[in-house]
Amino acid sequence: MIFSITGYSKVNMKEIMMPTKLILIEGLPGSGKTTTARMVHEILQDKGVKSDLFSEGNINHPADYEGVAYFTKNEYQRLEQRHYSCKGILDRIKTDHYNGYLIFYRKAMEEQDIEFEDKFLIDIVKKDIYELPIDIHRDLILKRWEDFTHQYRNKDQIIIFECCFIQNPVTVTMIRNNEPKKITVDYINRLAEIVAPLEPILLYLEQENIEASFKKVIDERSKAWFEGFIDYYTNQGYGLENNFNGVEGVIGILKERHAFEQEIYQSLPLNKYIIDNSAYDRSSHIKQIKSILETAPF
C-alpha cells in the first residue's frame, strides 16, 4: 500500500501489516536526511522500540559497502604479485566472496590502524565496489542486500538506513555512468523486491528550493567535500555528456536527479511518504515523522 503525509487510511494498520523492520530515508543533499534519520531513531527509542541507525559512509553498514574493494581471483593474484611485500596485510584483511575477494580497506585503516603504502592503496581503491563496471557493482550490491534481508528478517529490531536505497543507485547509474533510466529503475525495483519481507517504510524528503538547500550544504561542509562533490557530478558520465560545469552545473544536475527520483518514488510498491522539509522547522518535522510512525506496526 502507498501512503502520503497529507492523508492515509484510518484503518488500524498494525492489524493488517507485518512488523516493519526497515526504515529508508532518502532525498537530495541538503534535504535533511541525516537529521531525519536521527529523529526517527530517537522517536523509536522513546517508544521503547529497539533500533539501529546506519548513516551514510558507515564502514560497518550491513547492506552497503563503504571503502571496500572487490577482486576476482585472477585480479587478486596480480595484486599480490605486484605488491608481494604487502602479502601479509592482504592475508589479514581479504574475505572470500563469489569467485574472488573483498578487501575492506577503510575498515582496516580506521579500526585496525593498518598503514598502506601509497601505490598499494591506489591499486586497491581502483577496484572499490563503487568504481567497478555497473553490472559487477550491481551484482555485488544486490547480493549484499539479500544477505542483509536474510539476516535481519527475524530479528526483533528496526534498522534505519540513510540514502543507500535510492541515492546510491542513482548516483552510480545516472551521475557516474549516464546509463539509460531503465537500468536505474530496474536496479532500485530489484532492491525493493529484496527488502519486501522487511515491510520497509520509505521517507523521501523534499526541498522546495533545491538551489538554496544545496548552497546551504556548501556553507556547512568542508572545502574538500565541496570540491569532491563538484568533481564527481560534473566530470563523469552525466555531467560531461550534458556539459554541466561548476556549482550551477551541479544544481542543474540535482534538479534533473530530483525529477528522476520522483518518477522512481511513484513506481515503488512500498509504504512511502513524501515529507516537505523546506522550512527546516524541527518541531513541525518531528510531528510529521511521529504521525507516520504511529501507523507503522512495530
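**Salt bridges in close-up**

The structure, a predicted model, holds 21 salt bridges. The views below present several of them.

**View A. Salt bridge between K181 and E263.** The side chains of K181 and E263 meet in a salt bridge, with an N to O distance of 3.1 Å. This pair links distant parts of the chain, the two residues being 82 residues apart. K181 belongs to helix α9 (residues 181-195), whereas E263 lies in helix α13 (residues 246-267). K181 is partly exposed, with a relative accessible area of 45%; E263 is likewise partly exposed, at 43%.

**View B. Salt bridge between R190 and E193 within helix α9.** The closest N and O atoms of R190 and E193 are 3.1 Å apart. The two residues are separated by about one helical turn, because they stand three residues apart in helix α9. R190 has a relative accessible area of 31% and is partly exposed. E193 counts as exposed, with a relative accessibility of 53%.

**View C. Salt bridge between E220 and K216 within helix α10.** In this pair, the closest N and O atoms of E220 and K216 lie 2.6 Å apart. Helix α10 spans residues 210-220, and E220 and K216 are four residues apart in it, so about one helical turn separates them. E220 counts as exposed at 53% relative accessibility, while K216, at 33%, counts as partly exposed.

**View D. Network of salt bridges involving E80, K87, D91 and K94.** Salt bridges link these four residues, E80, K87, D91 and K94, in a network.

Terms used. Residues are numbered from 1 along each chain as its sequence is written. This is a predicted model: local features need pLDDT of at least 70, side-chain atom pairs count only at pLDDT 80 or more; totals for chains, interfaces and linings use all residues. Side-chain values use heavy atoms; hydrogens and water are left out. Buried means under 20% relative accessible area, exposed over 50%, partly exposed in between (1.4 Å probe, protein chains only).
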